[in-house]
Amino acid sequence: MADAAISVQGARKVYSTPGKPKRTAVSNVSIQVESGTIHGLLGPNGAGKTTTLKMLLGLVRPTGGTFEVLGMDSTRPSGRRRVGFLPEQPYFPVNLTARQAMRFYGSLGGVDAARIPERTTALLARVGLADAERTELSKFSRGMLQRLGIAQALLGDPEVVILDEPASGLDPVGQRDVRNLMLELRDRGVTVLLSSHQLSEVEAVCDQVTILNRGSVAAEGDINALLNVDGRTSVRAMNMAELPPQVVSVAEEIAVSGGMWVFSMPTEQTRAVVDAIDEAGGTIAAITPKRESLDDYFAALLAAHTEDVAS
Amino acid sequence: MMKRIWPIATAVMMDSLRRKVVYVVLGFAALLVLAIPSLPDYGLGVESAVFREVALALSYVTGLVVVLSLAANRVPAELEKRTVYNVLAKGVSRWEYLVGTWLGILGVMAGAIVAFTAIEMVVGYFTYGELMWRLWEGALATWFEMGVVSAFAVAVSSVTGPVVVVTAALAALFIGHSRSTLLGGEGAMALRPFYPSLDAFNVVNPVAHGSGVPLVYMLSMVVVFVGFAGACLSVGVLLLSRRDL
């Protein structure tokens with residue numbers, strides 16, 4: 001396995017309030033995030049995603065477990081100095097301008113004072129706030145605050161970036177920008193841990209995912225390996241009025257649109273199906289491993305996990 | 001360490017300077033200072049002493065209102081609005097955050113007390129033809145005491161809301177100035193050394209009616225200030241470090 005930029009082992013958090021029953025928010029979560037990858041952290045509300053991130057960043061005291069970022073204990077302040085963090089729904093002192101806020105966070109993060117103005121200009125431009133540098137944050141929309149949150153997380157060129165719901169409050173263009181930004185970061189070797197409800201976003205950018213449910217890990221691994229359906233292949237073919245009978249006999253989930261046939265079949269039938277389409281004069285546009293959507297996978301996984309817990 | 005504490009203190013000061021409450025309180029208090037000479041029934045020869053005494057009292061009350069308005073709400077608001085996440089995630093320790101916040105409030109208090117004492121000096125000079133330099137000794141004592149009060153308020157505010165903070169701070173002030181009342185009896189005299197008294201900062205008599213505060217006493221005030229503020233902040237750091245944010 002490549003170097004782990006982030007390592008969470010046996011994370012556990014039990015909230016205890018005097019006079020009330022103890023509440024377990026995270027029972028046993030382990031996450032390994034390889035350097036230079038984008039790792040998705042998924043789960044329904046209350047699964048323990050944000051609590052896990054907060055423990056990783058020293059905002060919540062863990063009941064148990066170890067938390068490391070770049071080999072250092074991240075529950076200690078010194079272990080977080082190479083980390084950029086975007087909290088869910090970030091808030092800022094509203095009487096500052098965007099530029100002042102960046103200067104504040106830059107100086108806290110140890111960015112050289114002479115470099116802060118230059119980095120501020122570049123990062124605000126990168127997140128689409130170039131025109132709002134001198135605007136007071138009280139006049140910022142929800143989406144603008146989110147963009148500023150991303151910009152401050154990237155101050156100081158962190159080697160690890162942790163983003164909690166980065167697309168929250170953003171319009172579709174903003175969401176696309178965030179996706180592109182994450183891919184850019186990965187290309188530069190930055191490790192990204194992304195917690196998100198937006199499954200399409202996770203599916204589009206993540207290399208690995210960890211899915212949490214009820215405070216523990218329900219599934220983890222390479223996103224392609226998780227979503228590919230074992231033993232089945234998807235085919236897209238065209239230039240045929242109808243599918244040949246040999247294909248119809250093995251194909252499932254057949255759909256046609258604009259002259260393009262789409263269906264799945266057992267992988268071992270691939271050779272026979274390709275030959276049949278050739279003989280029928282059709283053209284094969286694509287043959288790929290059949291892949292579930294992350295939405296379907298996620299829903300099925302949670303349903304199965306809930307049944308396991310119930311039984 | 002100071003690289004992280006100083007920006008927090010500066011942010012607190014800049015934020016405080018934008019708050020209207022500071023200016024309203026200072027303005028109102030300045031008007032009262034202007035009105036002191038109009039108080040009736042001064043005895044001959046004691047007018048300036050009465051002026052100094054009332055001026056010190058006004059400085060104290062003004063400082064208290066400003067410090068409570070700043071210290072009681074600062075940390076709870078940052079925790080509630082989660083602005084503290086961005087700060088702590090940058091590798092700032094909780095103690096650095098708390099001490100930076102306190103230093104920022106202390107800085108605002110210094111500015112407010114200096115401005116207020118300067119007004120008192122000017123009013124005193126034009127009314128009595130006397131430069132009342134000893135008021136600065138009183139100002140320093142007030143600043144020290146407000147530093148302790150703000151450290152206490154910041155410590156309490158790390159685990160509770162503004163109403164409790166203000167109530168607790170006022171209770172602490174009452175207790176801090178009630179040693180002779182509460183431990184006046186001979187049976188309780190042995191407890192005196194352990195009593196958290198703030199009387200060390202009470203320099204009204206030497207400033208208003210005497211010949212000023214001796215240097216040695218000033219130095220002892222510094223020790224009391226550092227001791228009490230340090231103890232309060234240590235408790236605050238301990239409380240905040242045990243808190244889930």
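**Salt bridges and the A–B contact**

User: Is A:R271 buried or exposed?

Analyst: Keep in mind that this is a predicted model. The relative accessible area of A:R271 is 56%, and the cut-off for exposed is over 50%. So A:R271 counts as exposed.

User: Which residue does A:R271 meet in a salt bridge?

Analyst: Look along helix α9 of chain A, residues 270-279. With 3.2 Å from N to O, the residue is A:D275.

User: How many residues apart in sequence are the parts that A:R115 and A:D157 tie together?

Analyst: A:R115 lies in the loop between α2 and α3 of chain A, while A:D157 is in the loop between α4 and β7. Their closest N and O atoms are 3.9 Å apart, and a salt bridge needs them within 4 Å. So the pair ties together parts separated by 42 residues.

User: Are A:R99 and A:E133 buried or exposed?

Analyst: These two form a salt bridge with the closest N and O atoms 2.4 Å apart. A:R99 is in helix α2 and A:E133 in the loop between α3 and α4, 34 residues apart. Both of them are buried.

User: Which residue of chain B forms a salt bridge with A:K13?

Analyst: Chain A and chain B have 1 salt bridge between them, next to 14 residue pairs in polar contact, both residues at pLDDT 80 or more. In the A:K13 bridge the closest N and O atoms are 2.8 Å apart, and the partner is B:D244.

Key
Residues are numbered from 1 along each chain as its sequence is written. Chains are lettered from A and ligands numbered from 1 in the order in which they are written. This is a predicted model: local features need pLDDT of at least 70, side-chain atom pairs count only at pLDDT 80 or more; totals for chains, interfaces and linings use all residues. Side-chain values use heavy atoms; hydrogens and water are left out. A salt bridge is a side-chain nitrogen of Lys or Arg within 4 Å of a carboxyl oxygen of Asp or Glu. A polar contact is a pair of N or O atoms within 3.5 Å; within protein, one must be able to donate a hydrogen and the other to accept it, and residues adjacent in sequence count only if both atoms are side-chain atoms. Helices (H or I, at least four residues) and strands (E, at least two) are DSSP runs, numbered from the N terminus. Buried means under 20% relative accessible area, exposed over 50%, partly exposed in between (1.4 Å probe, protein chains only).
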